[in-house]
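I opened this model to look up a few local features. My notes follow in the order I made them.

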Amino acid sequence: MNDSAKKVLLIEDEKVLLELLSGKFKDSGFEVSRAESAEAGIKLALQYHPDLILLDIILPKMDGITMLKKLRQDQWGKSVPVIILSNLDDQKKVSEAMRIGVYDFLVKSNVKLADVVKQVREVLG
Amino acid sequence: MESKDNLRQTGIEVIGAVPWGTHFCQFYATKQDLLDTLVPYFKAGLENNELCVWVTSEFLTTKEAKLSMQKKVPGFSKYFKNGQIEIFPHTEWYLEGGKFEMKRVLNDWVKKHDKALEMGFTGTRVSGNPFWIDNKKDWDDFAAYEAEINKVIDQYKLVVLCTYSLEKCDFNEIVDVISNHEFALIKRKGKWANIESASHYKMEEALRKSESRYRSYIELTDQLAWTTNEKGEVEEDSPTWRKFTGQTYEQLKGTGWSKVVHPDDIPRVIKIWNKAVAIKHPYEIEYRVRRFDGIFRYLLVRGVPVFKETGVIREWIGTCIDITGRKKSETQLAEHAAQLEALNKSVQEEFVRKRALFESIGDGVIAMDKHGKIMDLNKKTESIFGWKTEDVLGKSLFEEFKLADEQGKITPKSLRPIQLAITTGQVGHGIYFLVRKGVERVPLFITSAPVVLDGKVVGAVNVYRDVSQQVAIDRAKDEFLYFASHTLRTPLSAVAWSIEGLNEDSNGFSTEQKKSLDLIYDQTQRMIRLTNDLLDATRIEFGILSYKYEETNPLIIANNVIEDLENRIREKKIKFKLIADRNIHPYRTYSNAIYMILHNLLSNAVKFTPTGGKVGLKISKTDKKLFLQITDSGIGIPKSAQTRIFQKMYRADNVKDKFEGSGLGLYIINGIINHMGGKITVQSKPGKGATFSVILPLALEAIQTGNAERIHL
């Protein structure tokens, strides 16, 4: 961990998964912020300006796609890299997310945590 | 009635005055008989300013005639000198030129008559004596001449007295003479008597003339004339009938005429005839009569009874008119009318049928003009929109209801399907939500088709399908998929990631513990694969498996799949061989489908091939098709199982206990291949491996379009 550590914002409402993700990213040297809802997530994002956002789709109240749309309307938010990490892999959702602008769409059960980190590192160069 | 001016004094006591145009005769025995009548006859003529012409005979010569006149008529010389009286022998008149010629003599009389009028006489009084006749031929000719005089005398100011010698006439000749004159004078018991009633003759003449006129008229109008006795039997000839039917008089007389009446019409003819006789009333009937040429013609027959003074019918007279032409026109008119009626009926039936069809449609249908004005709608529309037809007819579709999207955002007029139909002439459709006051939004699948007439869009027909149920089903699908993907995957993810973490930090674990961890991890992965297969199979069944239509290079996808399977290929020391044609270039297709097909078939090949075996992939292409061939040297597929391996959950006997699997993989890719219009086949012998051959069409545009139009909610 150092000052130049990349900041990752995790938006995930399943506590177990959020813990696992959070632990993994911290262990991998990232600075992690966490949100359990889209509303809290966008607030944190706009406040702390993370280097990358890992976003779930199915969230209480506002869903991840709606949050993504709002984020993209912000001057800073329109260019922050976002990777969708969701178990909902409906092609419609995938397409919609891709259209709005995300780096990737990962299905949680189909990826290893190590692969997620690897993907994030690739995006952040 | 004759006017007094036209009455001429004959000078003969028993006759008195007669009108111009009187033709009478006298039978004489002696010269005195002749002088008794002719002298006063001409005297009266001279006194009444008539030209008098006396043609004498050998019986009473010109000389004798003149002498008698001179004796009895004062101023005769003056009359004679003035030319008011001409007396000359028959040889200078009837026999001029040597023989009797009727036409010449008649002409000469006309000339005399005209000359008299020119000279200022009121008319001409003549007398002739056919005493010169001594043979039958001349007698017949003269009789004909007399008859001819009767025909024409009315037109002239003529009084004609013919004198016949009783000695020269036999009985028949006397009858001829009398019949050719209006009346005859004959001496009976020393006194002159009139032996034929002049009035009767005149009446006969009038009748004859009238009949002649009637017949001329009939002929002019192409009618047939007939008369019958009171019983309807023909007694008199009917030349017009004969001419028309070709019957002879012998054939038509009595009831013979009915022989040419159409047999089918006879009963009706008899019935009407009997009725007419019974009520003594004119009748009219149409019936068919066989013409001379054998063709039946329609005749309009009219008959009127002629009564005796006693009120008894004396005879029937009537006419027939050929109305075949009219009848034909009538028939044609009737046929035409019948056709029209039939047509009208069929149009009505067609209309009713179309209407019934229109009403029976389970969807709402609205017909509009090009401005969106509602022209017609069916019952179902009423129930969908909650309208009453009469309230919306003629109103604008855009005013009557609003459409919205799924989120409730009102669809602008320009984006409504009817606008596409009317402005572009193309069929527009899509899912819209009907906004109804106080009612939850109703999802409608709307199709708007332009009505094109002579190349111009004149309106549109919209079909509204209430897809509430479909939407409900779609929601249920979504819920299931949400459950399967999110609810099942989330705990699996948690387990998988936890084990991953444990594995990374497993230094303190015993071998047994590590083994257990591997087992848990493998089973979790298996569970994840089952879930994934279940999701794909479900999507295939719902027809909602999403395809990514994009520029795709099957070779690159094959390499990705091989990369994914690299570990397993290496672990099992499988010799993998990829053969691809040089012409494998990117083309637009379902990239994820190609991946799924290759991944499934190659992972199966690796799975069922023993360590050290061979797996091969061959990719080739023609103009229209892509061929994928996956071969392995694995355990093979029993013959009996080969037809069943693409069925859902089917697992062949030789694999089901030894190999992990859901029994869904081949089912899923078979579904995908079918969806793409392709085909998958298998060739295998147990123990000698298997070959799966996939053929996929390169052109998916049609399918792609169809897919894009699929209703996704």
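I began with the contacts of Asn48(B), taking contact as heavy atoms within 4.5 Å. Leaving out residues up to four places away in sequence, Asn48(B) touches Arg8(B), Gln9(B) and Thr122(B). The model is predicted: local features need pLDDT of at least 70, side-chain atom pairs count only at pLDDT 80 or more, and totals for chains, interfaces and linings use all residues. Residues are numbered from 1 along each chain as its sequence is written, chains are lettered from A in the order in which they are written, and side-chain values use heavy atoms, without hydrogens and water.

I checked Arg8(B) again: it sits 40 residues from Asn48(B) in sequence, with 8.1 Å between the C-alpha atoms. I placed Asn48(B) in the loop between helix H1 (31–47) and strand S4 (51–56) of chain B. Helices (H or I, at least four residues) and strands (E, at least two) are DSSP runs, numbered from the N terminus. Asn48(B) has a relative accessible area of 32%, so I noted it as partly exposed. Buried is under 20%, exposed over 50%, partly exposed in between (1.4 Å probe, protein chains only).

Next I took helix H15 (residues 417–424) of chain B. Its buried residues are Pro417(B), Ile418(B), Ala421(B) and Ile422(B). They fall within an arc of 130° seen down the axis, so they line one face of H15(B). The arc is that of the directions from the helix axis to the C-beta atoms. Gly425(B) follows H15(B), with a positive phi near 75°.

Last, I looked up Phe542(B). I found it in helix H17 of chain B.
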